[in-house]
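Thanks for coming. I'll take a few minutes to walk through one structure, and you can follow along on the screen.

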Amino acid sequence: MNNIQSVQTQLASYIGKLLRDHFGKGPGSVFVSVKNPFITIYLKEFVTPVEQVLINQDKQTNVEKTRDYLMMELIPEIKEYLSANAGFSIQEVYYDWSLDTKSGMILGVLSEGKASKEKTWDMYPGKENVHKEIIRMSRHAEKTPMYVDSFYLNDRTLVIMRTGILVRIEKELIKSGFEEELKITKRPLEKNLIRKTELEEILPSSIENIFLDWDFNADISFIVIILKPNK
């Protein structure tokens with residue numbers, strides 16, 4: 001087992017225990033991918049019995065808000081663990097849940113990668129067309145992004161970054177303290193629009209899951225697309 005595989009295995013074990021200790025139930029599976037400048041942690045079968053009751057009563061928003069409070073406490077712990085045990089300095093952590101599929105995603109941006117509009121990642125087949133679809137989707141949701149780039153971590157994980165996508169009314173809502181409500185509203189809208197694009201015609205496999213998160217202060221958004229093993 002090489003060093004990266006060892007780190008991925010250790011991190012998967014750590015995250016599983018951390019979530020179990022704080023949520024009362026850990027994920028059934030944890031898949032970790034590390035490739036500069038990103039770490040992705042894909043969680044499957046991760047819904048507690050109490051959360052399932054709320055979901056069955058169409059109270060998904062309650063679940064998402066509760067998880068937000070817990071993640072605010074867990075993110076500093078995750079950053080500290082990665083720094084102390086894996087030698088990674090994490091610049092930012094993003095996360096999202098897909099409650100209907102009982103899955104989740106934690107995305108860490110490594111400080112040394114400095115994922116920003118100055119960073120251009122490697123080409124891959126269909127990259128330009130992927131960006132065209134994301135730009136078209138973003139235009140329907142809010143406005144054309146100032147910048148789009150994307151990065152293949154592995155055959156099943158595509159990370160897409162957008163900058164400069166917030167419209168004036170969104171910025172005013174954020175200033176007024178409605179950041180959480182804005183995220184909860186934007187996520188299903190954008191996921192639905194992504195599924196209506198032609199991305200599955202461009203990518204090598206069909207889409208299994210879509211995750212989104214934002215840094216509203218920096219006007220940056222990350223989309224993580226998980227692909228199925230076979231089309």
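A residue is called buried here when its relative accessible area is under 20%, exposed when that figure is over 50%, and partly exposed in between. By that cut-off Lys186 is buried, because its relative accessible area is 4%. Please keep in mind that this is a predicted model.

Let me start with the sheet. Four strands make up an open sheet, in the order S1-S2-S4-S3, with antiparallel pairing. The edges are S1, residues 29-35, and S3, residues 90-98; each has a single partner strand, so one side of each has no neighbour in the sheet. From one strand to the next, the twist averages 10 degrees.

Now the pairs, going across. S1 and S2 are joined by 7 bridges, and the two form a hairpin with 2 residues between them. Lys35 has Phe38 in S2 as its bridge partner. Phe38 also stands opposite Val109 in S4, and S2 and S4 are joined by 7 bridges. Between S3 and S4, which covers residues 103-110, there are 8 bridges. Two of the facing pairs there are Ile90 with Leu110 and Asp96 with Met105. S3 and S4 form a hairpin too, with 4 residues between them, and Lys102 in the turn has a positive phi of about 55 degrees.

How many residues of S4 are buried? The count is 8 of the 8, so S4 is largely enclosed by the rest of the structure. In a regular strand, side chains alternate between the two faces of the sheet. In S4 both faces are covered: Ser103, Met105, Leu107 and Val109 are buried on one side, and Gly104, Ile106, Gly108 and Leu110 on the other. S2 is also largely enclosed, because 6 of its 7 residues are buried.

Helix H1, residues 3-23, lies across S1 and S2 and runs at about 140 degrees to S1. Helix H3, residues 60-86, packs on the sheet and touches S2, S3 and S4; its direction makes about 140 degrees with that of S3.

Next, charges. Side chains of opposite charge can pair when their charged atoms come close. The model has 16 salt bridges, and I'll go through three of them.

Lys17 counts as partly exposed, at 46% relative accessibility.

Another is Lys44 with Glu208, at 3.5 Å between the closest N and O atoms. Lys44 is in S2 and Glu208 is in strand S7, residues 207-215, so the pair ties together parts 164 residues apart in sequence. Lys44 is partly exposed at 29%, whereas Glu208 is buried at 18%. Lys44 also stands opposite Ser103 in S4.

That brings us back to Lys186, which meets Glu142 in a salt bridge at 2.5 Å, N to O. Lys186 is in helix H6 and Glu142 is in the loop between helix H4 and strand S5, 44 residues apart. Glu142 counts as buried as well, at 13% relative accessibility. Elsewhere, shared partners join Asp96, Lys183, Arg187, Lys191 and Asp213 into one salt-bridge network.

Last, the surface. Ile169, Leu173 and Phe178 form a nonpolar patch there, with about 280 Å² of accessible area together. Phe178 sits in the loop between helices H5 and H6 and counts as partly exposed, at 41% relative accessibility.

Note on methods. Residues numbered from 1 in each chain as written. Predicted model: local features only at pLDDT ≥ 70, side-chain atom pairs only at ≥ 80, totals over all residues. Heavy atoms only, no water. Pairing = 2+ DSSP bridges. Axes fitted to C-alpha atoms, helices over the stretch in contact; angles between N-to-C directions. Contact = heavy atoms within 4.5 Å. Patch = residues over 30% accessible without salt bridge, like charges linked within 9 Å, V, L, I, M, F, W, Y side chains within 5 Å. Areas by Shrake-Rupley, 256 points an atom, 1.4 Å probe, with all protein chains shown as cover. Salt bridge = Lys/Arg side-chain N within 4 Å of Asp/Glu carboxyl O. Buried < 20%, exposed > 50% of the residue type's maximum accessible area, 1.4 Å probe, protein only.
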